[in-house]
Amino acid sequence: MLLDKSEVSSGMEKKLEKELNLNFAGTNYEPKILKTYVVENNNFKEELSKLEKNPEINGIFVLTYEIPQNLKLKSKNKFYSFPFGFLKENNLLKYKNVNYITGKFNVQEDVKLLKELKPMKKLGVFVPTLNNSEEKIAGIKKLFKKENMPVEIITENTSEENMRNILKTVDGLYLISYGQYGAKPLALANQMKLPTFTIDFSSALNKKSLMGYDLRSEIDRRLRGGALSYMLYKTKNKRNLIGEIGDIKKTIFYNMDIGNEIDCYPSLLFLQNIQELNKNEEKKQYLGFKEAINRALIANNNLLSARNTMESFIYNVGVANSKRLPQLSLNAQYNRLDKDITSIPMNKPENSVNSYVKLSQVIFNDQINANVYIQKQQLKNSQAAYEQAKKDTIYYVASTYLNILQLNAQLKIQESNYKVVKESLNVARVNYKVGASGAQDVYRLESSLSSALSNIAEVKGQIKIAEASLNRLLNYPIDNSYTYENFNKISQDFVMGKDFLKKYAYGSSGTNKLLNFLINGAVENSENLENVENNINIKKREYTAAGRERYIPSIEAFGQYNKNNIITPWGENSNVHGPSEYWQGGVAITLPLIQGGETIEQRKMIEKQIESLSYKKKELNNEIAQNVSQTFTKLLTDYIQSYTSEVSATSAEKNLKIVSNLYAAGNGTITDLLDAQNSTLAAQLNHVIANYNMFNSAVKLENLYGDYTITKTPLERQAIINKLESIMN
């Protein structure tokens with residue numbers, strides 16, 4: 001008889017069948033499950049009666065942990081097993097053919113946990129219908145009374161309105177559940193932000209409750225006990241098999257997501273008493289490695305700014321060049337004469353206007369030509385700066401992405417270490433109870449557990465910080481979190497990965513050839529060097545323009561249409577008859593002899609600036625060579641460390657397994673265990689860090705070289721590998 005149609009219940013049936021086969025091995029009996037019934041709608045007694053009447057069945061296993069009160073078993077020739085009992089069933093004591101297994105569940109520990117999480121003055125307790133007799137309810141109240149905890153009882157038949165009213169008066173909800181029957185009060189408690197604690201063999205409510213017992217290990221133990229009792233009953237005629245198996249073997253879980261939803265945040269001290277920290281994996285947006293790079297290239301704000309700066313220099317060139325194109329201007333002059341001027345014997349108006357339209361064309365102007373050249377060089381600088389910004393953006397995104405993968409790997413190691421220490425602590429507590437070890441073992445492991453939990457919190461914080469940096473680079477909301485690409489797949493995008501590096505050694509001629517190739521390529525591809533070279537060209541052109549300033553004139557052709565009513569020798573208001581509208585044109589030649597000082601000082605200043613830029617170029621060449629050499633050497637070192645740290649981590653893991661088994665068997669010391677745990681943790685972390693350091697060095701080397709293999713196709717990468725191998729002979 002199963003609790004429900006859930007996966008957990010069907011798993012119980014399979015485990016029971018396995019245990020029956022194991023326990024009856026070597027006997028004359030071959031157990032076989034003939035019928036399976038699911039307990040639904042309180043049809044327990046009805047279904048049990050059907051099984052009792054079936055002559056083919058001689059054993060009945062009730063795989064529920066609640067049974068009706070005053071249950072009458074009608075068959076004296078059948079074996080009955082109730083392996084999932086919590087409280088003693090006195091009415092079953094009169095039957096000698098019954099196996100009823102019960103264990104102690106520690107209400108004191110449960111209440112203590114709830115009180116540590118939140119002050120508790122009264123507790124709601126949910127009891128399923130099958131267990132709500134006055135006797136049982138009184139027994140449950142008595143359990144909590146020992147802990148000075150008043151309770152309000154809720155059953156599945158309590159109306160929703162009454163449930164709400166009861167939950168308003170309590171500080172938490174404790175569920176002795178029966179599958180999905182506890183779902184309604186649990187949902188109401190979550191809505192009202194009450195801490196919840198669930199005991200449920202079916203595990204149906206584990207994901208919805210804040211805390212509770214995961215009883216998978218206990219299920220296995222109870223089924224093994226039931227199968228063994230059945231074998232003894234059939235083969236050795238042992239009767240009256242009611243059994244007490246001591247403390248329930250349980251794992252206390254805490255659901256972080258539920259805690260966040262009900263605003264319940266545990267302390268580190270509280271979490272030390274929790275075996276499993278559960279967090280439902282929310283569906284996060286997938287962000288691949290190249291997808292992140294491509295997103296940054298179109299959305300990164302710094303890169304967009306650099307692109308707009310570059311585009312603005314295109315217009316600067318146009319503005320400078322436009323000064324060599326024809327210039328058209330409209331000019332007007334208004335004159336108001338003083339009234340006293342009328343005493344002058346002239347026939348003229350009081351006021352007059354002079355206007356003209358002028359069209360001019362620069363034939364030659366060295367200053368304008370120099371400015372156009374300079375603006376073109378500055379455009380090249382801005383283009384180089386934009387290209388460098390693209391390369392840097394790829395580097396920042398790639399290194400940040402790899403850093404997040406490294407932190408996620410570290411988190412898995414820290415969480416694994418936490419579980420290992422937790423298991424060791426449980427062993428130490430058992431050993432202490434039976435006198436196999438001292439209290440100092442427990443204290444030292446509790447301290448180690450606290451450190452392990454603190455390390456988990458630290459790594460999670462670092463992941464959030466790294467993701468914030470990645471989101472800023474990608475121009476995404478700062479609190480976005482993602483699922484990431486598999487590292488093994490990403491590592492295939494690197495030309496200088498493990499497969500490439502393992503072929504070469506320090507100081508070999510091939511390695512030196514490769515280094516020289518990388519340095520030459522970095523110099524050739526350097527945007528910063530191009531920028532310095534462009535600035536040198538700018539200064540050289542300024543130097544030439546400054547030298548020509550006193551010897552090469554500016555030449556301008558112009559045409560001008562005039563119209564005026566001002567008294568001129570030929571104006572309409574003059575005594576000389578002539579046109580008031582006329583054209584004039586010509587050529588203007590300007591040779592500045594001195595403009596604000598001598599040019600020789602200007603030329604000397606520019607000479608020094610060119611000399612300074614030349615030194616800067618040489619230093620930048622040296623800096624590029626040094627950076628490439630250092631990064632290449634570090635890449636080779638990181639590869640060696642990745643290899644050796646992997647060997648060290650594997651050995652440490654094997655040693656920890658041996659030491660843990662020795663300690664569990666009582667043959668090892670706590671010092672040996674802690675040393676092994678710490679050594680394993682350090683070795684695993686060192687391997688992860690060394691492995692990712694190697695790929696971060698590869699990204700940095702590609703950034704220095706000025707081209708990325710991680711953005712190329714597999715065919716392009718293979719062509720690069722072939723080229724590098726040919727260089728290295």
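Visitor: What makes M163, I166 and L167 in helix α5 count as buried?

Guide: Buried means under 20% relative accessible area, exposed over 50% and partly exposed in between, with a 1.4 Å probe and protein chains only. In this predicted model, M163, I166 and L167 of α5 (residues 160-168) fall in the buried class. They span an arc of only 95 degrees around the axis, so they sit on the same side of α5; the arc is that of the directions from the helix axis to the C-beta atoms. E161 and K168, on the other side of α5, are exposed.

Visitor: What covers the buried residues of α5?

Guide: The cover includes β5 (151-154), β6 (173-176) and α6 (183-191), where contact means heavy atoms within 4.5 Å. Helices (H or I, at least four residues) and strands (E, at least two) are DSSP runs, numbered from the N terminus.

Visitor: Why is strand β2 called largely enclosed?

Guide: Seven of the seven residues of β2 (residues 79-85) are buried, so the rest of the structure largely encloses this strand.

Visitor: How do you know that β2 pairs with β3?

Guide: Two strands pair if DSSP finds at least two bridges between them. β2 and β3 (residues 98-104) have four, in the parallel sense, so by that definition they pair. F82 stands opposite Y100 in β3. β1 (residues 59-61) also runs parallel to β2, joined by three bridges, and G59 has F79 as its bridge partner.

Visitor: What limits apply to the model?

Guide: Local features need pLDDT of at least 70 and side-chain atom pairs 80 or more, while totals for chains, interfaces and linings use all residues. Residues are numbered from 1 along each chain as its sequence is written, and side-chain values use heavy atoms, leaving out hydrogens and water.
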